[in-house]
Amino acid sequence: MSFGLIERYRDRLPFAPEDPVVSLGEGSTPLVHAPALSERVEADVWLKYEGLNPTGSFKDRGMTCAVSAAVREGAEAVICASTGNTSASAAAYAARAGLRCAVLVPEGKIATGKLAQALMHGARVIVIRGNFDQALTLVRELVERHPIALVNSVNRFRLEGQKTAAFEIVEELDELDALCIPVGNAGNITAYWKGFNEVGRRPRMFGFQAAGAAPLVAGAPVQHPETVASAIRIGNPARWEEAMDAMTSSHGAVRAVSDAQILDAYRFLAAREGIFCEPASAASVAGLLAHGAGGAQRIVCVLTGHGLKDPGTALDQVAAVVPCEPELAAVERAVLA
Ligand code: F0G
């Protein structure tokens, strides 16, 4: 029997013992040492493999809390804007809770696996002819008019759930100098910083954005964000101030990484560490490789989502398969070539 994170951390979360809990057994993800990466950056690096959550991303930590709170408040429906993972997670937890779910996603910019998840879990998937930022503005207006619970990370319960990843890391590592994390809507870095602070730890926080969608680096919103890392294709993060505070008060930084650097890290992790994450997740490692982590010796990179989410980008990146006749000699040639 595996426990979800509300059960595991109830004393540090805003849920009483009698409150309803909607859980899929999220959290308790592996912290995997990364020898090849450690060697390259001459430091000790671990990967927090959040792709092993129930729907394949860290969003499940926030969603167990947001949906449990929505049920407690008597909500009948939940809604979010999403680049994909939030929609998959919201759809799954809503299905579990018996709530209706609607998701707004940007047209043509959501990875196949995420779309399949949202649809399979029975969400109403609304495809906006625009980007994530426009979708988020629209859902925020919509929930002003209708009694639907908003489960984006502007919902404080999302951050409460996501801060538990920081608890898990400090339970495993006595010392931690720096955390490297991709930044999109800036909820997750805010949540980690909250979690670390609650347990009296202050690792340096390094946030990495895709170069074509790097408003925090530019210091201004980006009107038309573009990146291969569709999950973080965001031009105007909702948690802007909090994320900047996390990075400045921890003596970290926010930096940009190019799509080429993201894809290099993505292939490196799969080919050398045996870990398949999605492109946005690889931004944490790309950032560490490109910019370092201020000389930190013990570093955790957060891998936010599973590589299986986005088979299209993966197949674009790798060598073709080897066609072969069903004969031993031909197979021998193909295998030994
Ligand atoms: N990595 C992945 C795989 C994501 O899906 C996201 C955000 C992030 C990183 C960035 O996290 O927004 O808290 O800074 N995905 C959201 C979504 C926006 O709709 O699924 P953040």
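User: What should I know before starting?

Analyst: Residues are numbered from 1 along each chain as its sequence is written, and side-chain values use heavy atoms, with hydrogens and water left out. The model is predicted, so local features need pLDDT of at least 70 and side-chain atom pairs count only at pLDDT 80 or more, while totals for chains, interfaces and linings use all residues.

User: What is the strand order of the open sheet?

Analyst: Strands are DSSP runs of E, at least two residues, and helices are runs of H or I, at least four, numbered from the N terminus; two strands pair if DSSP finds at least two bridges between them. Here six strands form an open sheet in the order 1-2-10-7-8-9, with mixed pairing. Strand 1 (31-33) and strand 9 (253-257) are the edges, each pairing on one side only.

User: How many bridges join strand 2 to strand 10?

Analyst: Six, and strand 2 (residues 44-49) runs parallel to strand 10 (residues 298-303). V45 has I299 as its bridge partner in strand 10.

User: Which residue forms a salt bridge with K194?

Analyst: A salt bridge puts a side-chain nitrogen of Lys or Arg within 4 Å of a carboxyl oxygen of Asp or Glu. K194 pairs with E160, the closest N and O atoms being 2.7 Å apart. This pair links helix 9 (residues 187-198) to helix 7 (residues 156-162), 34 residues apart.

User: Is E160 buried or exposed?

Analyst: Buried means under 20% relative accessible area, exposed over 50%, partly exposed in between (1.4 Å probe, protein chains only). E160 counts as buried because its relative accessibility is 9%, whereas K194, at 30%, counts as partly exposed.
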